[in-house]
Amino acid sequence: MGIIYHEKHKTITLHTKNSSYQMKIGNLDYLLHLYYGPSICDADMSYQIMQYDRGFSGNPYESRNSRTFSLDAQPQEFSTQQQGDFRTSSIEVVNADGSYSFHGKVSDYKITKGKYKLDTLPCVFANADDTADSLEITLSDTVSKVDVVLLYSVYEEADIITRAAKVKNNGSESIHLKKIMSVCLDFLNGSDMDILSLPGRYGQERQVERQHMTHHIHTIGSVRGSSSHQQNPFVVLCDKDTDEDFGKCYGFSLMYSGNFLAEAELDQYDQLRLVMGIHPKQFVYEVKPSETFEGPEVVMAFSEHGFTGLTHLYHNFYRTNLCKSKYVSQIQRPVLINSWEAAFMDFDDVKLVEIAKAAKNMGVDLLVMDDGWFGKRDDDNSGLGDWVVNEDKIKCGLHKLVEQINQLGMKFGIWFEPEMVSEDSDLYRAHPEWAMQIPGRHAVRSRNQIALDMSRKDVQDYLIRSVNSILDDADIFYVKWDINRSLADIWSNELPAKKQGEVYHRYILGLYRVMDNIIKTHPDILFEGCSGGGGRYDPAMLHYYPQYWVSDNNHPIDRLKLHYGTSFVYPVSTMGAHISDSGKFVPLKTKAVVAMCGTFGYELDATHLTDEEQAVCREQSDLFRKYYPIIFEGDYYRLSNPFEPGNMTAWQHVTKDKKESLLSVVVTNLTCNGPQEYVKAKGLKPQTMYDVNDGELTLSGNALMNAGLPIPREVDEYTAFQFYMREV
Ligand code: GLA
């Protein structure tokens with residue numbers, strides 16, 4: 001059993017293969033946090049807790065004259081509200097009587113087999129061969145009659161612990177939640193720790209930043225209505241000397257696609273607290289008597305083996321326990337070509353067939369018809385919401401178009417942006433009340449489109465109906481689901497004034513309902529997520545879609561950073577990566593090598609390529625298919641950091657049995673008469689001999705990992721190399 005309650009010590013310990021997590025029902029039944037780190041067997045970690053008079057700190061009333069127990073100084077499992085803990089709270093609730101307080105003490109706990117589920121939000125799941133156990137521990141406030149139920153699941157083999165929190169109103173009047181965090185993790189000493197996050201912007205998502213913890217609250221979050229380009233719901237806390245290969249690190253990955261917040265506070269005693277959950281901005285959620293509010297899940301991992309160790313834990317787990325699409329593992333993903341950068345909205349059926357024919361020569365399997373095929377959509381001022389084929393462009397009709405593509409031996413894919421509406425659309429003319437706009441005010445314009453109020457059931461039903469009817473009309477193999485603006489003007493015409501603080505979250509719940517319905521009724525369709533590139537690339541989205549468009553920025557040299565940052569938590573198999581015209585001075589082959597660090601495809605007008613270029617593409621598409629199992633199922637290693645000065649960027653994929661590996665290098669910065677560069681492999685078997693590039697060299701794993709491979713000199717800028725290694 002991965003979860004053990006120790007009666008004598010009143011500790012509950014969660015064990016994974018290599019880590020332990022311990023809490024204790026402590027003084028006055030407050031739930032204290034004792035430990036998260038390398039396995040501790042059955043040790044009782046209470047000895048670390050020192051209780052002494054800290055001066056100026058609050059003590060619970062029941063402690064009477066004893067001043068040694070203060071929640072302001074104790075590590076807690078879930079930091080509460082107005083109990084003398086002045087650090088970051090995990091909950092803010094306004095009780096029925098108007099008081100702002102939650103005094104939660106342990107009233108119950110339950111250990112069960114299997115993985116807990118949330119009714120309203122996506123979660124990771126357990127497969128038949130997983131050992132997963134769950135803990136539910138209830139903190140009750142006997143005055144307000146509010147319970148917080150903390151949920152934990154332990155995946156022993158995977159070294160993963162998940163957490164979530166629910167709030168139950170057992171009283172007879174409504175309460176209002178203003179903040180509810182899914183995780184709270186207290187470290188007794190965090191002064192030597194760093195925080196790493198993945199900030200970015202449009203076209204430059206998930207860049208990597210690392211900061212040393214200082215005595216203030218480091219906040220990372222999004223208030224854009226989506227998990228955003230600007231931040232990602234993933235943070236790492238690590239020792240200050242942790243690097244790729246060595247050192248302790250803790251990952252926190254939030255399964256939520258809306259506003260989120262992570263707060264890391266180093267307190268007066270150098271204790272470190274991390275909380276993470278839904279962002280409290282404009283969040284006031286009514287919980288009626290006997291109702292329960294669920295917060296999203298956080299997936300936690302701990303590694304002693306640096307960022308690579310942490311990455312492997314997330315990649316392995318997210319590859320198998322996050323998304324149920326059959327394309328995750330059963331079927332090789334197709335090489336696709338997308339019409340966007342080839343034609344933008346200026347295409348018709350004839351142009352699409354021409355692109356497909358040329359792409360066929362390039363070894364492409366799937367043509368994707370991007371934005372511009374529906375309603376009146378010749379530019380981005382109109383048409384969104386009208387999910388009917390524009391037969392002025394697709395003159396032969398969708399059905400016939402798909403048939404023509406299929407006759408070429410290719411599959412067909414299509415683009416939607418279901419959450420949005422253009423003012424110039426039939427949908428808006430019929431239902432202006434469905435758009436998110438504050439009464440009496442003009443909505444903020446962003447790409448000239450307005451968000452639909454996804455919290456409304458009639459909007460959700462309309463989208464389910466209209467998207468499904470297109471998907472059922474023709475043989476559609478693939479869908480790209482886009483969203484191209486941040487949410488402003490948060491308002492729902494259907495909710496009363498006092499419930500407008502629920503709209504941000506209800507939007508996300510509505511979105512998940514729509515996605516769930518459409519995806520479940522089309523299990524054979526491959527879905528890819530997109531948000532103006534990679535603006536909503538989060539684990540909740542990856543619960544629905546097996547792949548996500550990394551960025552609208554296809555420049556292969558920028559992509560090195562984009563892939564590097566994204567890879568910290570998201571598997572390569574989720575990373576949408578294409579070759580495009582972007583990067584004029586970068587050879588086609590280099591573009592292909594970079595796009596092979598992902599789902600591989602093309603984003604260009606194939607009819608403009610010469611026969612020679614098409615042949616190079618064909619060769620690269622074939623290579624991608626050859627290396628697919630290594631790239632999609634192997635362990636991923638970042639061999640160099642493109643954010644640091646250097647002459648090349650390198651990465652590597654190694655199969656689980658370590659028999660095959662693909663090492664890729666892009667030369668980014670040549671220096672005249674510079675030193676000889678070597679790239680050192682990782683993850684191979686030290687004593688095993690490997691054949692490199694089909695007979696070019698035969699070297700032991702030790703040689704490849706310690707001496708490395710010399711990078712040929714006198715090459716053109718942006719030359720790329722691939723080294724395919726196979727056990728002899
Ligand atoms: C977004 C996407 C692009 C493309 C356009 C279409 O920007 O990221 O790939 O689909 O929308 O409008």
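**Domain contacts and ligand surroundings**

Modeller: In this predicted model, twelve residues of domain 2 are in contact with eleven residues of domain 3.

Biologist: What makes these residues count as being in contact?

Modeller: Their heavy atoms lie within 4.5 Å, and therefore twelve residues of domain 2 and eleven of domain 3 are counted. The centres of the two domains, taken over C-alpha atoms, are 32 Å apart.

Biologist: How do you know how much area is buried between domain 2 and domain 3?

Modeller: Buried area is what two parts lose in accessible area on being put together, summed over both; for domain 2 and domain 3 this is about 950 Å², with 75% from carbon and sulfur atoms. On the side of domain 2 that touches domain 3, helix H9 (556–566) and helix H10 (588–595) each supply at least two residues. H10 gives the largest share, four residues.

Biologist: What is the make-up of that side of domain 2, in nonpolar, polar and charged residues?

Modeller: Ten of its residues are nonpolar, one is polar and one is charged.

Biologist: Which polar backbone atom lies 2.8 Å from an oxygen atom of the ligand?

Modeller: One belonging to Gly-533, which is among the closest of the 13 residues surrounding the ligand.

Key. Residues numbered from 1 in each chain as written. Predicted model: local features only at pLDDT ≥ 70, side-chain atom pairs only at ≥ 80, totals over all residues. Heavy atoms only, no water. Domains from an automatic or database assignment. Buried area = accessible area lost by both parts, 1.4 Å probe. Nonpolar A, V, L, I, M, F, W, Y, C, P; charged D, E, K, R; others polar. Near = heavy atom within 4 Å. Polar contact = N/O pair within 3.5 Å; in protein donor to acceptor, adjacent residues only side chain to side chain.
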